[in-house]
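Please brief me on this model. Start with the terms, then go through the fold, the cores and selected residues.

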Amino acid sequence: MKRPKRLSREVIYESNWISLYADKVMFPAGRVIDRHHMIEFASEAVGVIVENENHELLFVHAYRYTLDTIEWEIVTGGIDPNETIVEAAKREVFEESGYETFDHQCIYSFNPTNGISDQTFHVVTCRASEGNGEFDRNEIKDVRWISRNEVGKMIMEKSVKDGFTLPALLLFLGGWVE
């Protein structure tokens with residue numbers, strides 16, 4: 001099977017987190033795009049749907065500088081080098097909420113912007129055990145358990161806007177995955 005082929009690459013910006021390139025690309029039928037912009041992420045990311053014994057879901061009130069907002073979201077974060085998806089899920093939940101977790105399952109992986117980037121998101125579900133109440137207050141304003149019904153209302157009212165949280169919740173609450 002023929003695939004697009006990179007002919008050359010111009011570096012526009014590189015960092016430890018994200019890089020931007022302008023690639024010259026030839027597509028299988030022969031068309032050449034001189035500047036196909038490509039965003040490359042240094043790591044994959046994990047979003048975690050944490051459920052407690054009352055079947056409520058864990059949300060964090062996260063500061064979003066880029067939009068000048070504070071959003072209710074599931075716990076998300078990057079996967080460190082040599083870290084598994086589940087290890088990253090456990091670490092991120094503890095850092096952002098103070099809760100320990102167990103019974104982890106990676107239910108889905110997807111590429112949200114596959115036309116312009118190699119970004120990969122993994123969705124993990126788990127159960128909460130005890131929490132210490134401590135979390136990173138530079139990143140998170142508050143932590144809250146929300147009932148499934150209330151989460152459904154938040155989605156219908158379009159108050160869940162995060163591009164990682166919304167698809168993860170729709171998969172989980174919609175019964176698309178076990």
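Helices (H or I, at least four residues) and strands (E, at least two) are DSSP runs, numbered from the N terminus. Under that scheme, Thr165 sits in helix H3. This is a predicted model, in which local features need pLDDT of at least 70, side-chain atom pairs count only at pLDDT 80 or more, and totals for chains, interfaces and linings use all residues. Residues are numbered from 1 along each chain as its sequence is written, and side-chain values use heavy atoms, with hydrogens and water left out.

**Overall fold**

- The protein chain has three helices and 10 strands.
- From the N terminus on, the order of elements is β-β-β-β-β-β-β-α-β-β-β-α-α.
- The C-alpha trace spans about 55 × 35 × 35 Å along its principal axes.
- Of the 178 residues of the protein chain, 39% count as buried. Buried means under 20% relative accessible area, exposed over 50%, and partly exposed in between (1.4 Å probe, protein chains only).
- Contact means heavy atoms within 4.5 Å. Among contacts in the protein chain with a separation of 6 or more, 55% come from residues 24 or more positions apart.

**Helix packing: H2 and H3**

- Two packed helices are described by the angle between their axes and the distance between the axes.
- Helix H2 (residues 148-156) packs with helix H3 (residues 165-173) at an angle of about 130 degrees, and their axes are 11 Å apart. That makes H2 oblique to H3.
- Axes are lines fitted to C-alpha atoms, for helices over the stretch in contact, and angles run from 0 to 180 degrees between N-to-C directions.
- Angles under 35 degrees count as roughly parallel, over 145 as roughly antiparallel, 65 to 115 as roughly perpendicular and the rest as oblique.
- H2 and H3 cross in a left-handed sense. A crossing is left-handed if the near helix is turned anticlockwise from the far one by less than a right angle, and right-handed if clockwise.
- H2 brings Arg148, Val151 and Ile155 to the contact, and H3 brings Leu166, Leu169, Leu170, Phe172 and Leu173.
- The residues of this contact divide into seven nonpolar, no polar and one charged. Ala, Val, Leu, Ile, Met, Phe, Trp, Tyr, Cys and Pro count as nonpolar, Asp, Glu, Lys and Arg as charged, and the others, Gly among them, as polar.

**Nonpolar cores**

- In soluble globular proteins, nonpolar side chains tend to be buried together.
- A nonpolar core is a set of buried Ala, Val, Leu, Ile, Met, Phe, Trp, Tyr and Cys residues joined through side-chain atoms within 4.5 Å.
- The largest nonpolar core has 19 residues, and Ile49, Leu57, Phe59, Val123, Val151 and Leu169 touch the most other members.
- Strand S4 (45-51), strand S5 (57-64), strand S8 (99-110), strand S9 (121-131), H2 and H3 each give two or more residues to this core.
- A second, separate core holds 18 residues, including Val46, Val48, Val124 and Cys126.
- Beyond its neighbours within four places in sequence, Ile49 is in contact with Leu57, Ile74, Val123, Val124, Thr125, Cys126, Ala168, Leu169 and Phe172.

**Buried threonines**

- Thr125 lies in strand S9. Thr125 counts as buried, at 10% relative accessibility.
- Not counting residues up to four places away in sequence, Thr125 touches Ile49, Asp103, His104, Gln105, Ile107 and Phe172.
- Thr165 is buried, with a relative accessible area of 0%.
- With residues up to four places away in sequence set aside, Thr165 touches Phe59, Glu73, Ile74 and Val160. Thr165 and Phe59 are 106 residues apart in sequence, yet 9.6 Å apart in space, C-alpha to C-alpha.

**Loop residues**

- Asp68 is in the loop between S5 and strand S6 (69-73). Asp68 has a positive phi of about 55 degrees, although it is not a glycine. Its relative accessible area of 71% makes Asp68 exposed.
- Asn82 lies in the loop between strand S7 (75-78) and helix H1 (85-97). Asn82 is not a glycine, but has a positive phi of about 65 degrees. Asn82 is exposed, with a relative accessible area of 84%.
- Glu53 is found in the loop between S4 and S5. Glu53 counts as exposed, at 56% relative accessibility.

**Asp142**

- Asp142 lies in strand S10 (residues 140-146). Asp142 is partly exposed, with a relative accessible area of 36%.
- Asp142 touches Phe59, Val60, His61, Trp72 and Phe135, not counting residues up to four places away in sequence.
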